[in-house]
Amino acid sequence: MFKKVLIANRGEIALRIHRACQEMGIQTVAVHSTADANAMAVRLADESVCIGPPQSRDSYLNIHAILSAATLTGADAIHPGYGFLSENAQFARMVEEHGFTFIGPKAEHIDLMGDKVSAKQTAAKLGLPVIPGSPGAVEDEVSGKKMAEEMGFPVLLKAASGGGGRGMKVVTKSEEFVEQYRTARSEAKANFGDDTVYMEKYLSTPRHIEVQIFGDKHGNAIHLGERDCSSQRRHQKVIEEAPSPALDDAARQKIGTLAADMVRNMGYVGAGTIEFLWEKGEFFFMEMNTRIQVEHPVTEMLTGIDLIAEQIRVAAGEPLRYQGDNIRFRGHAMEVRINAEDPETFIPSPGEIKMFHAAGGMGVRFDSAVYGGYKIPPYYDSMVGKLIVHGKDREECMARMKRAIRETVVDGVKTTLPLHLWILEQPEFISGDYNIHWLEKKLAEKAAAAAEKK
Ligand code: ADP
């Protein structure tokens with residue numbers, strides 16, 4: 001087992017990784033920008049190294065500074081968390097070339113899945129149903145338009161190197177195609193440095209259902225069930241839950257097995273997520289994330305398995321400890337992402353947290369790196385924490401989430417907590433009958449009603 005792990009990330013995930021390491025008797029090194037000198041992970045880690053100024057490209061994306069910190073502190077392995085360098089194949093390669101272990105999959109698999117066109121082709125080859133669309137990249141506007149007309153509108157143009165819900169354009173009719181195609185390409189180039197665009201049928205009522213998978217270096221592959229992330233705003237997840245209220249056991253079994261088989265056939269090592277859209281009883285592969293995800297605690301609460309500890313063990317060459325009968329799914333789990341944003345306008349609200357109190361009690365978990373007196377820096381994303389709860393069934397889980405939200409105090413900045421409370425009170429959410437477009441529609445109605453009152 002590793003003696004020392006360097007954590008190449010910040011915020012709640014850096015703390016999450018530190019916690020797993022501590023429990024495993026592994027020393028930690030926190031790297032941080034000058035803006036994060038007072039971060040919780042930096043305070044708690046055994047060692048810390050400042051790797052640059054606030055801007056991510058000079059610090060958390062600075063490969064040379066991170067590798068130097070690993071050398072300087074004598075770390076054995078590097079955990080990239082999510083975001084930043086976690087899906088950068090070049091980084092994974094360089095980590096290994098410098099004699100450290102990358103706690104994640106092989107660089108070739110990051111490459112393969114990082115390009116969404118090759119990811120889709122690979123999934124199709126391995127027998128997974130994919131969303132109907134262009135067989136590869138859409139090379140030019142003439143052939144693209146023709147293909148869209150044959151497929152039928154609406155269609156969705158997506159950036160091959162896209163991520164974080166960005167780089168997508170819906171085209172509703174033939175006349176709009178050329179303009180949208182050009183915009184999609186230039187936005188893809190500007191945001192991701194790659195103007196490759198592909199096309200999919202735009203599904204009107206799908207759910208986002210993803211499967212947590214795991215592979216080890218001994219050829220074993222498992223799935224740990226699904227998470228339903230259909231509660232979205234701007235293609236970004238707002239609330240995640242498991243099990244999905246939409247699936248029955250047969251559908252659950254089917255998709256889990258398909259996902260685990262794909263991973264086994266690839267020879268994939270480590271944690272990963274295979275994302276699907278689900279509509280009218282059918283699954284369609286969307287993409288694979290080759291890292292731990294923000295919403296991983298939902299699965300941890302449901303199964304009792306520490307996914308970060310398992311990532312570390314698998315990276316160190318140990319076989320998966322969980323297979324077949326010793327994987328048990330209990331009750332229902334849910335996570336809300338707490339962002340420092342205005343809950344109505346969604347404008348970021350950085351600043352100092354004057355007072356902070358985390359909810360507690362049975363079945364409640366609060367994953368956050370903030371504390372009273374903490375200043376949220378304006379340089380990074382606005383997520384300040386995640387509230388995760390578990391209950392014996394969905395009803396208990398929702399009741400518990402509501403009381404936990406009411407208990408939580410984050411004073412001094414605006415947060416999305418009131419938004420979550422509101423979502424949890426909507427009849428469609430309560431019945432579980434919602435899809436990826438539901439929340440956005442509901443929010444638009446709410447805004448219109450508020451405007452009318454004024
Ligand atoms: P990203 O990597 O940016 O998160 P994804 O491919 O995972 O991109 O898509 C993000 C979200 O966009 C999905 O969860 C879903 O809400 C929506 N989406 C993606 N593809 C389609 C599609 N073909 N039809 C309708 N919505 C889609």
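I call two residues in contact when they have heavy atoms within 4.5 Å. A housekeeping note: this is a predicted model, where local features need pLDDT of at least 70 and side-chain atom pairs count only at pLDDT 80 or more, while totals for chains, interfaces and linings use all residues. Residues are numbered from 1 along each chain as its sequence is written, and side-chain values use heavy atoms, with hydrogens and water left out.

**Entry 1: Thr-290**

I looked for Thr-290 and found it in the loop between strand 13 (282-289) and helix 10 (296-303). Helices (H or I, at least four residues) and strands (E, at least two) are DSSP runs, numbered from the N terminus. Is Thr-290 buried or exposed? Thr-290 counts as buried because its relative accessibility is 2%; the cut-offs are under 20% for buried, over 50% for exposed and partly exposed in between, with a 1.4 Å probe and protein chains only. Leaving out residues up to four places away in sequence, I listed its contacts as Ser-86, Glu-87, Pro-105, His-109, Ile-110, Met-113, Tyr-268 and Ala-271.

Next I traced an open sheet of 3 strands, in the order 7-6-8 with antiparallel pairing; two strands pair if DSSP finds at least two bridges between them. Strand 7 (166-171) and strand 8 (197-201) are at the edges with a single partner strand each, so one side of each has no neighbour in the sheet. Strand 6 (residues 155-163) pairs with strand 7 over 5 bridges, in the antiparallel sense. I noted one partner: Leu-157 is bridged to Lys-169 in strand 7. Helix 7 (residues 141-151) packs on the sheet and touches strand 6 and strand 8, with its direction at about 10 degrees to that of strand 8. Such angles run from 0 to 180 degrees between N-to-C directions, with axes fitted to C-alpha atoms, for helices over the stretch in contact.

**Entry 2: the ligand**

A polar side-chain atom of Glu-200 is 3.0 Å from a ligand nitrogen atom, and a polar backbone atom of Leu-203 is 3.0 Å from a nitrogen atom of the ligand. On the oxygen side, I have an N or O atom in the side chain of His-235 at 3.2 Å from a ligand oxygen atom.

Conventions: A polar contact is a pair of N or O atoms within 3.5 Å; within protein, one must be able to donate a hydrogen and the other to accept it, and residues adjacent in sequence count only if both atoms are side-chain atoms.
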